[in-house]
Amino acid sequence: MLAILAAAGLFMGSCSQPESEVKESYLEVSPQSLVLDPQGGQESVSIRSSADWLIRTDDSWVKVTTASGKASSENVKANFTFEANTTGSARETRLVVKAM
């Protein structure tokens, strides 16, 4: 199973700005979790963010091929590949998505 954390490192703007200038901050990742094929393969998640973003994982059996993206109101695909599970045990990883 793959769990995806969206760590929004965004803020709403300073108090000195008029309300009309404060932009809504958002970071959306879909789907929030995936079940991966034990034979290995590739998958993607969609990211929509009001700020540039980074995506990472700490597990060596997962390779993020789209490690960053620009702010976009449209969904952007972040792709990753994963190796076959030869351990004989269930495994789990997390992709961490962080807005800059």
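Buried here means under 20% relative accessible area, exposed means over 50%, and partly exposed covers what falls in between, using a 1.4 Å probe and protein chains only. The model is a predicted one, so local features need pLDDT of at least 70 and side-chain atom pairs count only at pLDDT 80 or more, while totals for chains, interfaces and linings use all residues. Residues are numbered from 1 along each chain as its sequence is written, and side-chain values use heavy atoms, with hydrogens and water left out.

A search of the whole structure turns up one aromatic pair (Phe, Tyr or six-membered Trp ring centres within 6.5 Å; stacked under 30 degrees between planes, edge-to-face over 60, tilted for the rest). F80 and F82 make up this pair, which is tilted, with 6.5 Å centre to centre and 45° between the planes.

Next comes K63. This residue is partly exposed, with a relative accessible area of 42%. Setting aside neighbours within four places in sequence, K63 is in contact (heavy atoms within 4.5 Å) with N79, F80, T81 and E83. T81 sits 18 residues from K63 in sequence, yet their C-alpha atoms are 5.3 Å apart.
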